[in-house]
Amino acid sequence: MPVELLGKSADELRAFVASLGEPAYRGGQIYHALYAERCLDLAAMTNLPAPLRARLAEEARITLPRIVRRFPSVDGSVRYLFSIGGEDAKPAQIEAVFIPKEGRQTICISTQAGCALDCHFCLTAQLGLIRNLSAGEIIGQVLAALEENREQLAPQTNVVLMGQGEPLLNFDAVMAALLILLDPNGMAISPKHATLSTSGIVPGIERLAREKVRPKLAISLNASSNEQRDRIMPINRKYPLEKLLDACRKYPLRPWEHLTFEYVLLGGFNDSPEDARRVVKLLANLRAKVNLIPWNPGDLPYEKPDAARIEEFRRILTDKGMLAFVRYSRGQDVMAACGQLALAEAAETPPDVAQLQV
Ligand code: SF4
């Protein structure tokens, strides 16, 4: 069976080429063509001699996730439903979202198919964990989304690991993908433009802290007390707020960096002024930024928070000197918003853009 090249590091590509009896430096050339030039066709890698290209056509392959469906949103973002696996890995469907904005595009990608963590506000949780993605399947989502939108790309690409799955529970593959995504000789995405979002896996945060190359870190907080967080994020029972915030305090931030705390405002559940005051206390002494994300109405039993309450929540934080922003998710009409990925297709009821507009 041909060897999959996507997801391999420069060293792995050099070793592979050497195993074919070719000079190892050719592996570096493949690395550059594949990730820096985004050349996805071995036959078109003209920096390689023709006989090697012919050999690679037999011995190797580059497999992008296959686009099953596109769900364009009225706000310009596109949700992609991808199919992965099949030949040598369990078949699965995953999603990514392409979000264009002036001067840049943001690509939200999945790191697992489904998720084991059961956050109660998240539709992906209802799938359960199907499997971990490989480094190639993680990078492939970025490449496929860039390829699809080749004609309209802005100079800057942001990548957010906020799609299906908990990235820190697939640490090795996620790190292998990030090393290529953030490599100036690879896909050259700036660490300032890449964000990994976690539900709060403390050992994973501690491990990430030791990595030389790493993205920015976002923590999905969503509650102002353990009692409240236990109710919507069962992972909190394993890593309660004290442990989580202790790991955050020890996390070595770079001079330009803030920790981001995502706080989905669930109307009537965690959006009161008392909640805001507790969040201020929890995040004291942290170089933090809080993104308040008003709940997107969906199938789940939470309400859209009231506009006045959202503003009051934000003001309580900013009055105490915290950076706090209200973020309205893009792509809500195609279920591309935070925590909404995944289910529509699984349920075989593809969203009708017109019906889902909110
Ligand atoms: S919010 Fe993230 S960690 Fe929680 S169930 Fe959904 S995908 Fe998993």
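Predicted model: local features only at pLDDT ≥ 70, side-chain atom pairs only at ≥ 80, totals over all residues.

A: Residues are numbered from 1 along each chain as its sequence is written, and side-chain values use heavy atoms, with hydrogens and water left out.

Q: How many salt bridges are there by the rule used here?

A: A salt bridge is a side-chain nitrogen of Lys or Arg within 4 Å of a carboxyl oxygen of Asp or Glu. By this rule there are 18 salt bridges. Glu4, Arg61 and Asp88 are linked in a network of them.

Q: Where do Arg315 and Asp319 lie?

A: Helices are DSSP runs (H or I, at least four residues), numbered from the N terminus. Both residues lie in helix 11 (residues 307-319), 4 residues apart, about one turn of the helix.

Q: Is Asp11 buried or exposed?

A: Buried means under 20% relative accessible area, exposed over 50%, and partly exposed in between (1.4 Å probe, protein chains only). Asp11 is exposed, at 55% relative accessibility. Its salt-bridge partner is Arg14, with the closest N and O atoms 2.9 Å apart; Arg14 is partly exposed at 32%.

Q: Which residues are around the ligand?

A: A residue counts if one of its heavy atoms lies within 4 Å of the molecule. The residues are Cys115, Leu117, Asp118, Cys119, Cys122, Ala125, Gly165 and Ser199.

Notes:
Helix = DSSP H or I, 4+ residues; strand = E, 2+ residues; numbered from the N terminus.
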